[in-house]
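Hi everyone, thanks for making time. I'd like to walk you through one structure today, so please have a look at it while I talk.

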Amino acid sequence: MSTRIVQITDLHLMADPLSELKGVCTRTNLYAVLDVLRRDFGSAELLIVTGDLAHDELLETYEVLREMLADWLPKLRVIGGNHENRAFMRQVFGERVTAVDDRNVFADSIGGWRLIGLDSQLVGEVRGQMGESQRNWLVRELAVEPQSPTGIFLHHPTQEVGTGWLDEIRLEDADQLHELLPKNRQVKFICAGHIHHETMVFQGDVPVLTTPATSVQFLPETDRLIPDPIPPGFRIFDLEPDGSFRTRVVRVPISSAG
Ligand SMILES: [Fe+2]
């Protein structure tokens, strides 16, 4: 029997409910996404939020988000992006977050799988960093159930996707993560956000996925940020106990009436 999990990313919520990012009202979009999740995917066993929760990094914004995600709280996991305040995240989502050093991470065993969330924020920078102590934590976590298929979630993509300005702001120490893969064949995928569009590239034979934002979409293969009018989205995974999985992106059209 498969286990269904959902990933949403790059919410860019702001305290002012009417605030827009590149012409997109991020709160309207998130409500629309959550409506579809509730309607069509409410039986999912985990909702993983992979960073850029609060664009303005305000406590009030995290509190609004907790309210918006109230019916998911028992199934919720949150990790940070470059737009984040780790202390506020812990304050508001306390029981949903595991703190390792100053980073907010998670590690779960579910449906025969291990799901691990990294905090790739490099405070003050747009690019990301895993860091040595978090790498050591990851090595220990990978050793907990080395026979269990494993998925790794983080905000920053670890692989280049072919869009230069975005490739420069990926995980700067991605090599440190990639070099763990040949020794940990149980890792079946790496999944990120940050670049606000869907991609899939391979590191060896491990797919490195990115997922559309719930907020504004970025046009791929550009030399700068150009908003893409394509609707926001999220990603579904169906995980099988034998280590196989299916994944797809679901798009959510936003009505102009908002
Ligand atoms: Fe973002």
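A word on the ground rules. Residues are numbered from 1 along each chain as its sequence is written. This is a predicted model, with pLDDT of at least 70 needed for local features and 80 or more for side-chain atom pairs, while totals for chains, interfaces and linings use all residues.

So, the overall picture. The protein has 6 helices and 16 strands; these are DSSP runs, H or I of at least four residues for helices and E of at least two for strands, numbered from the N terminus. The radius of gyration is 17 Å, close to the 18 Å that the globule rule gives for 258 residues, so the protein is as compact as a globular protein of that length. For the record, that radius is taken over C-alpha atoms, and the rule is 2.2 Å times the number of residues to the power 0.38. Along the principal axes, the C-alpha atoms fill a box of roughly 50 × 40 × 35 Å.

Now the sheet. Five strands form an open sheet in the order β5-β4-β1-β15-β16, with mixed pairing, where a pair needs at least two DSSP bridges. At the edges stand β5 (76-79) and β16 (245-251), each with a single partner, so one side of each has no neighbour in the sheet. Strand β4 (residues 46-50) runs parallel to β5 and is joined to it by 4 bridges, with L47 opposite L76 in β5.

On to the inside. How much of the protein is buried? Of the 258 residues, 43% count as buried, meaning 20 or more other C-beta atoms within 10 Å of their own; 12 or fewer is exposed, in between is partly exposed, and C-beta atoms are placed from the backbone. The largest nonpolar core has 51 residues, and L53 and L118 touch the most other members. Such a core is a set of buried Ala, Val, Leu, Ile, Met, Phe, Trp, Tyr and Cys residues joined through C-beta atoms within 7 Å.

Most residues other than glycine have a negative phi. H12, in the loop between β1 (3-8) and β2 (20-21), has a positive phi of about 50 degrees. E57, in the loop between β4 and α2 (59-68), has a positive phi of about 60 degrees.
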